[in-house]
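Subject: Structure for your review

Dear colleague,

Please find below the structure that I am handing over to you, followed by an account of what was found in it. I would be grateful if you read the two side by side.

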Amino acid sequence: MTTDQKGAIAELAIQLAATKLGIEVYKPVAEGGRYDMIFDLDTRLLRVQCKWATRRGEVVVIMCQSARRSADGFIRRPYTALEVDAIAAYNLELDRCFLIPIARVEGRPSIALRVSPCLNNQRRRINWADDFDLAATLRRHQGAVAQLGERLPGRQ
């Protein structure tokens, strides 16, 4: 797949996941901005940059910067809190979406999310994939989205 195809798949998967959670998703009219969509969380709007997440063994790697070619060579530019509020990512192998607040990655080129326990049993300073799951992260916000996580199925 080309990078454009991967980006399109990631955006669609993230939009679908957010919509299933009852979040209204808005898209900019023109391409080229620093964020790809806006989530309406009732109490605030969240500017979201979408990324394709690559799985490397038991780690999902998410690039937290833009990259483009220019006459001067390859230009990489990390995202800042002035430009986006969060980075959302989709991994095809796991069929999962993740949401990382920009404060966790501002100025960093990437973040690695651990899918399963480390072989050496390390637990400190690990970014666990489950902690950044899109649904789990959005449920932490106040308002209607938070209430979705509190509902129990009728059969319980």
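The largest nonpolar core of this predicted model has 21 residues, and the members that touch the most others are I14, F39, L46, V48, L99 and L138. At least two residues of this core come from each of the following elements: α1 (3–20), β2 (37–40), β3 (45–56), β7 (86–91), β8 (96–101) and α3 (134–139). In soluble globular proteins, nonpolar side chains tend to be buried together.

For orientation, the protein chain contains 4 helices and 9 strands. Read from the N terminus, the order of the elements is α-β-β-β-β-β-β-β-β-α-β-α-α. Of its 156 residues, 38% count as buried.

Aromatic contacts

The count of aromatic pairs comes to 1. The partners are W52 and Y90, whose arrangement is edge-to-face, with 6.3 Å from centre to centre and 70 degrees between the planes. W52 belongs to strand β3 and Y90 to strand β7, so that the pair links distant parts of the chain, 38 residues apart. Both W52 and Y90 are buried.

Strand pairing

Is strand β4 mostly buried or exposed? Of the 5 residues of β4 (residues 59–63), 4 are buried, so this strand is largely enclosed by the rest of the structure. Two strand pairings involve β4, and they may be taken in turn.

- β3 and β4 run antiparallel and are joined by 4 bridges. R56 has V59 in β4 as its bridge partner. The hairpin of these two strands has 2 residues between them, and G57 in this hairpin takes a positive phi near 65 degrees.
- β4 and strand β9 (residues 110–114) also run antiparallel, with 5 bridges joining them. Here I62 has I111 in β9 as its bridge partner.

A further antiparallel pairing is that of β7 with β8, which are joined by 6 bridges. In this pairing, A86 has P101 in β8 as its bridge partner. β7 and β8 form a hairpin with 4 residues between the strands, and D95 in the turn has a positive phi of about 50 degrees.

Surface and helix α1

On the surface, M1, I9 and L92 form a nonpolar patch, and together they have about 270 Å² of accessible area. M1 is located in the segment before α1. Why does M1 count as exposed? Its relative accessible area is 57%, and the exposed class begins over 50%.

A13, by contrast, is a residue of helix α1 that counts as buried, because its relative accessibility is 16% and the limit for buried residues is under 20%. The C-alpha atoms of A13 and N91 are 9.3 Å apart in space, although the two residues are 78 apart in sequence.

Yours sincerely

Conventions
Residues are numbered from 1 along each chain as its sequence is written. This is a predicted model: local features need pLDDT of at least 70, side-chain atom pairs count only at pLDDT 80 or more; totals for chains, interfaces and linings use all residues. Side-chain values use heavy atoms; hydrogens and water are left out. A nonpolar core is a set of buried Ala, Val, Leu, Ile, Met, Phe, Trp, Tyr and Cys residues joined through side-chain atoms within 4.5 Å. Buried means under 20% relative accessible area, exposed over 50%, partly exposed in between (1.4 Å probe, protein chains only). Rings of Phe, Tyr and Trp (its six-membered ring) pair if their centres lie within 6.5 Å; planes under 30 degrees apart count as stacked, over 60 as edge-to-face and the rest as tilted. Two strands pair if DSSP finds at least two bridges between them. Patches are made of residues with over 30% relative accessible area and no salt bridge: like charges are joined within 9 Å, nonpolar side chains (Val, Leu, Ile, Met, Phe, Trp, Tyr) within 5 Å. Accessible areas come from the Shrake-Rupley method with a 1.4 Å probe; for residues, only the protein chains shown count as cover. A salt bridge is a side-chain nitrogen of Lys or Arg within 4 Å of a carboxyl oxygen of Asp or Glu.
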